[in-house]
Amino acid sequence: MNGKNTDDPKVTCYSGGEAGFMAWSQGLRAALLDPLLHALTWAHVTANHITVASLLCGLAFVPAFGLVAPWLAFSLLFLHVLLDGLDGPLARFRGTASDRGSFTDTMVDQLVVSVVMIAMIHSGHAGLWPGSLYIFFYLLVVTFAFIRNALKQPYSWLLRPRFIVFIWLMVDVYLWPGTLDWVLWAAVAVLALKSATGFWVIRRRM
């Protein structure tokens with residue numbers, strides 16, 4: 001079965017500068033994952049199944065980090081990232097890519113970003129202010145990106161620091177304690193700037 005689809009979701013949170021990279025990475029992932037996509041399709045696994053599994057792995061970070069062991073929590077977070085990169089290619093392969101799926105995938109990402117950071121604040125690895133502002137501005141930028149794309153005024157570029165922060169969680173826990181807040185403040189500065197420019201462009205279009 002060849003379920004390849006050329007119709008990509010039109011409602012996205014990606015900037016104009018990311019569009020070219022996304023097209024290239026989607027083609028690369030489709031080629032590299034082709035045997036796996038065939039196997040998942042044969043097993044009747046859908047993109048929604050993968051998205052739910054990604055969500056569960058991301059949410060499981062919290063009890064694993066607080067009650068079991070950080071290494072298990074980070075393993076689950078790594079699995080979440082892997083699955084997050086699989087649902088889109090599977091949807092396009094099966095010809096089921098849609099705005100609804102893209103929106104759901106983005107909301108899952110934001111939920112995991114939020115609960116992971118709340119866990120890090122609760123454990124004392126992240127400060128209350130940098131952690132909270134990181135969650136706030138990350139969600140605000142993603143929301144503004146959706147609105148700007150709908151207005152056909154996409155961001156020219158966006159920084160998505162979640163992978164950097166995910167990696168630095170391990171650096172803070174195992175190698176360099178007390179440094180996570182530095183990374184969070186840097187991310188907050190960029191996200192706050194993009195929030196301000198996003199607000200200004202949306203307001204100007206109203």
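Reply: Let us begin with burial: a residue is buried when its relative accessible area is under 20%, exposed when over 50%, and partly exposed in between (1.4 Å probe, protein chains only). In this predicted model, buried residues make up 44% of the 206 residues in the chain.

Me: What should I know about the numbering and the values?

Reply: Residues are numbered from 1 along each chain as its sequence is written, and side-chain values use heavy atoms, leaving out hydrogens and water. Because the model is predicted, local features need pLDDT of at least 70 and side-chain atom pairs count only at pLDDT 80 or more, while totals for chains, interfaces and linings use all residues.

Me: How many helices and strands does the chain have?

Reply: Helices (H or I, at least four residues) and strands (E, at least two) are DSSP runs, numbered from the N terminus. Here there are nine helices and zero strands.

Me: What is a nonpolar core, and which residues have the most contacts inside the largest one?

Reply: Such a core is a set of buried Ala, Val, Leu, Ile, Met, Phe, Trp, Tyr and Cys residues joined through side-chain atoms within 4.5 Å. The largest has 40 residues, and those with the most contacts inside it are F61, V116, M117, M120, Y134, V165 and L169. Two or more of its residues come from each of α3 (47–68), α4 (70–84), α6 (99–123), α7 (128–150), α8 and α9 (180–205). With contact meaning heavy atoms within 4.5 Å, V116 touches G58, F61, L77, F166 and L169, not counting residues up to four places away in sequence.

Me: Which side chain of opposite charge is nearest to D172?

Reply: For charge, Lys and Arg count as positive and Asp and Glu as negative; His and the chain ends are not counted. A salt bridge is a side-chain nitrogen of Lys or Arg within 4 Å of a carboxyl oxygen of Asp or Glu. D172, in helix α8 (residues 162–175), is buried yet has no salt bridge, and the nearest side chain of opposite charge, R162, is 20 Å away. The side chain of D172 does reach the backbone nitrogen of L180 at 2.9 Å.

Me: Where does T179 lie, and what does its side chain reach?

Reply: A polar contact is a pair of N or O atoms within 3.5 Å; within protein, one must be able to donate a hydrogen and the other to accept it, and residues adjacent in sequence count only if both atoms are side-chain atoms. T179 lies in the loop between α8 and α9 and is buried, with a relative accessible area of 1%. Its side chain reaches the backbone oxygen of W176 at 2.7 Å, and a polar contact of 2.8 Å joins the side chains of T179 and W168.
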